[in-house]
Amino acid sequence: MYFRGIATALPPARYTKAQCLEAFQNSDWFDRLDARSHLLASTVLQRDNGIESRRLAVDCLDEVFQIDPNTLSKRFRTHAPALAIQAGQRALAACGLEPGQIDAVVVSTCTGYLCPGLSGYAVQGLGLRHDVKTFDLVGQGCAAALPNLQLGRALIGSNACRHVLSICVEVSSAAMYLDDDPGVLISACLFGDGAGAAVLSRQPSPDGRCVEWIDSASMTVPGQRDALMFEQRDGMLRNILSRAVPTLAAEHAHQVLGTVLGRAGLRCEDMRTWIFHAGGRDVLRALERRLELQPEDLRYSAAMLREYGNLSSAFVYFVLEAALADDAPDGWWWLSSFGAGFSCHGALLKVH
């Protein structure tokens, strides 16, 4: 399988940490939370937490604090299809394929629910054939990009499809929840909105760089499910984020990496470029320690985190796009995501 086109999409409104803190302090929610929560939010949004700004699907930050089921559902219904379609259009344009050439579309999300799912909106908005295969993947959290791509690989490998459109879209501002739990408050300070898309094909692009999917592996540890998950409360999604996440992410990423590299007869030193989901600054630091990497090795993940925050499942598309745009060196690349489950996935790419 080959990546033929990679693209991303974002809401137009960009908000800095300072703007988010000011909006929180001026909101009704500030008085509903206790003094410890005030201190925590101020600390996270004022210190260097690896994030400088985020894109959110709201016209002003006051809207973020309108937290009720109907408002959040409408926000997802309005913006998730639009972002998914925009990313898909850009991915098709990047590889020069027509919508009618796509044989399947796979869409992942965890920040909202639609029935019929987002794949139908993609079919309509992108002008795909009505007999295109459609798949909606939900509930996989930040890790979802790799299972999405793995399904694309299976469809292409079975000769069922020549071209598959992979889309991950998250409207994290539609999954807003606030209370005095530290994990909930930190989550509210980390996540942004956006979408990523990739056209996956049986043959490489006749022009430009060749990005080939070689092998992949996954692991899921249900016993750690409570460390990172959404729960339903008051008709809304409430994110549970525990202190164990950086350590879990690094350990599982190390195991998945070892599995694939062992099969390929490669070592960490053979990797030229690292494409990692960045759950946050502490996650990147844990990855550096466990995999014995340098900050420079994770520069693309760190740069995307700083500018856009944690984009959940869409994040690795941004990192991959940035590495290709920067003309990162040819050779072996490692692509990895992790999240709810607790799950972790990784793929070995060959770029030339």
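Start with the largest cavity, which holds about 40 Å³ of space. The model is predicted, so local features need pLDDT of at least 70 and side-chain atom pairs count only at pLDDT 80 or more, while totals for chains, interfaces and linings use all residues. Residues are numbered from 1 along each chain as its sequence is written, and side-chain values use heavy atoms, with hydrogens and water left out.

**Stop 1: the cavity**

Select F3, L149, A198, V316, Y317, L320 and L335; they line the largest cavity. A cavity here is a set of points, on a 1 Å grid over the protein atoms alone, where a 1.4 Å probe fits but cannot get out; lining residues have an atom within 4 Å of a point. Points are joined across faces, edges and corners, and the volume is the space filled by probe spheres set on them. The count comes to one cavity of 30 Å³ or more.

Colour the lining by type. Seven residues are nonpolar, none polar and none charged. Nonpolar covers Ala, Val, Leu, Ile, Met, Phe, Trp, Tyr, Cys and Pro; charged covers Asp, Glu, Lys and Arg; the others, Gly among them, are polar. Helix 11 gives the largest share of the lining, three residues. Helices (H or I, at least four residues) and strands (E, at least two) are DSSP runs, numbered from the N terminus.

**Stop 2**

Buried means under 20% relative accessible area, exposed over 50%, and partly exposed in between (1.4 Å probe, protein chains only).

Return to W334 and show its contacts (heavy atoms within 4.5 Å). Leaving out residues up to four places away in sequence, W334 touches V256, L257, V260, M271, T273, W274, I275, F276, G346, A347 and L348.

**Stop 3: cis peptide bonds**

Most residues other than glycine have a negative phi, and most peptide bonds are trans. Two bonds to inspect here are cis. Select C115 and P116: the bond between them is cis, with omega near 0°. P116 sits in the loop from strand 4 (104–109) to helix 5 (118–126). Next, select G341 and F342, whose peptide bond is cis with omega near -10°. F342 lies in the loop between strand 12 (331–339) and strand 13 (343–351).

**Stop 4: positive phi**

Select D234. Its phi is positive, about 55°, although it is not a glycine. D234 lies in the loop between strand 9 (228–233) and strand 10 (236–241). At 57% relative accessibility, D234 is exposed.

Move to D327. Its phi is also positive, near 60°. D327 is in the loop between helix 11 (315–325) and strand 12. D327 is exposed too, at 54% relative accessible area.

**Stop 5: cysteines**

With a disulfide taken as a pair of cysteine sulfur atoms within 2.5 Å, the count is zero. Select C95: its nearest cysteine sulfur, that of C210, is 14 Å away. C95 is buried, at 13% relative accessibility. Finish at C142, where the nearest cysteine sulfur, that of C110, is 6.2 Å away. C142 is buried, with a relative accessible area of 11%.

Note on methods
1 Å grid on protein atoms, 1.4 Å probe; cavity = no way out; pocket = protein on both sides within 12 Å on 5 of 7 lines; lining within 4 Å.
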